Amino acid sequence: MQPDRNGSKFEKQHKEKMEYTNYDFGLVGLGVMGRNFILNVADNNFKAFGYDLDQEKVDALKEEGGNLEKVCASTDIKVFVKALTSPRKIMLLVPAGKIVDQAIDSLLPYLDKGDIIIDGGNSFFTDTDRREAYLKEKGIHFFGSGVSGGAEGARKGPSIMPGGDKEAYAHVKPIFEAVSAKYKGEPCVAYLGPKSAGNYVKMVHNGIEYAMMQLTSEIYDLLKKSCDLSNDELHQVYDSWNKGRLQSFLVEITAEIFTQKDELTSADLVDMILDKAKQKGTGKWTSQNAMDLGIPVPTIDMAVSMREISALKDERVQADILYTRPEVAHIAKEELVTQAEHALYFSFIIAYAQGLHQLMYASKEYGYDLDMSTIAKIWRAGCIIRAGLLADIAEAYTTDNSIPNLLLSPSFVPKVQGTLPAVREVVAFAAKNGIPVPGLSSALSYFDAYTSTKLPLNLIQAQRDHFGSHTYERTDREGIFHTEWGK
Ligand code: 6PG
């Protein structure tokens, strides 16, 4: 049925009841994500009402929803707000930034105390804190709630990461639990903590996502350059990995990517895509905030840097002409594929370890009181970083929720230990042959440093004290010391 520009057929049929009432859930922003999310809500037997300024989007949703009693929408904010049951539960799925503030301000005149606004976008966590405080003064509850899983996840079941007022969450809980992805029947959503806890956890989720994507692409480069694997063979490799301990959404879609043909040239599409990666900022925020907290996440940092290096295509082309690089030695396919599997498994563990380490410290710093096993559990399905490994991570934190770093979990020691000879081989091979593997080598160096009782940073302390009288501590006695060096 085609939408009718002068008011859809549905609109006309229901003209007599423009006074829509009794809808359980409201959604602002009917782009792809918003439309998919609201249809998911309606599929789960909650009556849902959408709002968007764009009449076409409103009509499209009503057509797709099929039954206005279940899912309806309007371009009129008063109709929208009036349609919702109290306390109103209104989710915003609009681009992060000023538009979120504008959406909140446009709703405010029509809301009542106790109503709930949920920001489902990738807002920066300090913006969420500001908005929460602003709305609290007005008696409105505000939830910064990460939603992961892309458009398909929104439709079929995303992982949802809400943070805000705990009591108010009770009103949202049944809806979120129904629409979220399920892992063996368990909903991939949980109340995470006060204030911006939800947005913060989603931000770090994205940092881990950046690292895993970088690592997956480095291994692709290595296999392609040193074994001349065709895209068909790469498909088979990633596909078989996805059936083993590397089972994950990102490995699964990588396998699929290698089979996609380009409609324009009928070549393999992956070979036609320019090697400049874009970013919206969540990975960078993760790195920046990790620096503020003083928690190292070098593999995430490197993933952000690599997107930046990738963007410098013209400079890379010039530099490539200036320097020679070694001829890549060809090694036996089977051997490299086996080693690469170890390397990817190891570095995925490191990516999760770094992100979770950051969450552990952020929890203390910002008073989120995060429960690490809960976070790992709600990432097991629905989200972009979902992976078989997360079941092991959830188990490790269920056993001991206070481990500061996954590498300290006894259950992870044998998992990591077994990969190390292969990881070292792969990193050394890549370095010798001029294949950039900054994510993988940063993961290995991070591991080697984090697991070293002794690091050479005593020398740095000596240098600091030498040129700046910055003082140092000693290994043999308590206190702060300074030396007049060279005297
Ligand atoms: C998700 C994703 C999503 C993110 C995209 C794009 O969990 O569904 O993290 O929220 O916006 O992955 O991110 P970049 O454009 O920064 O790569």
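Reader: Hi! Which helices each supply at least two residues of the lining of the largest cavity?
Author: H9 and H13 do, counting helices as DSSP runs (H or I, at least four residues; strands are E, at least two), numbered from the N terminus. A cavity here is a set of points on a 1 Å grid over the protein atoms alone where a 1.4 Å probe fits but cannot get out, and lining residues have an atom within 4 Å of a point. One thing to know first: this is a predicted model, in which local features need pLDDT of at least 70, side-chain atom pairs need 80 or more, and totals for chains, interfaces and linings use all residues. Residues are numbered from 1 along each chain, and side-chain values use heavy atoms, without hydrogens and water.

Reader: Thanks! How many residues of that lining come from H9?
Author: Three, which is the largest share. The whole lining is Gly-121, Asn-122, Ser-123, Asn-199, Lys-202, Met-203, Thr-282 and Trp-285.

Reader: And how much space lies in the largest cavity?
Author: About 30 Å³, where a volume is the space filled by probe spheres set on the grid points, joined across faces, edges and corners.

Reader: OK, new topic. Where does the ligand sit?
Author: In the second largest pocket. A pocket is an open set of grid points with protein on both sides within 12 Å along at least five of seven lines, and a molecule sits in one if more than half of its atoms lie within 2 Å of the grid points.

Reader: What volume does the second largest pocket have?
Author: About 1000 Å³. Of the 39 residues that line this pocket, Met-33, Asn-122, Gly-150, Lys-202 and Lys-280 are the closest to its centre. You have met Asn-122 and Lys-202 already, in the lining of the largest cavity.

Reader: Which helix gives the most to the lining of that pocket?
Author: H9 again, with six residues. Among the other elements that each supply at least two are helix H2 (32-43), strand E6 (141-148) and helix H7 (150-156).

Reader: How far is Tyr-210 from an oxygen atom of the ligand?
Author: An N or O atom in the Tyr-210 side chain is 2.4 Å away from that oxygen, a polar contact (a pair of N or O atoms within 3.5 Å). The side chain of Asn-206 also has an N or O atom 2.9 Å from a ligand oxygen. With Lys-280 a backbone N or O atom takes part, at 2.8 Å.

Reader: And the largest pocket, how much space is in there?
Author: About 1900 Å³. Ser-217, Tyr-220, Asp-275, Lys-276 and Ser-310 are the closest to its centre, of 46 lining residues. H9 gives the most here too, with twelve residues.

Reader: Last one: which peptide bond is cis?
Author: The one from Ser-86 to Pro-87, with omega near -10 degrees. Pro-87 lies in the loop between helix H4 (77-83) and strand E4 (89-92).

Conventions:
Polar contact = N/O pair within 3.5 Å; in protein donor to acceptor, adjacent residues only side chain to side chain.
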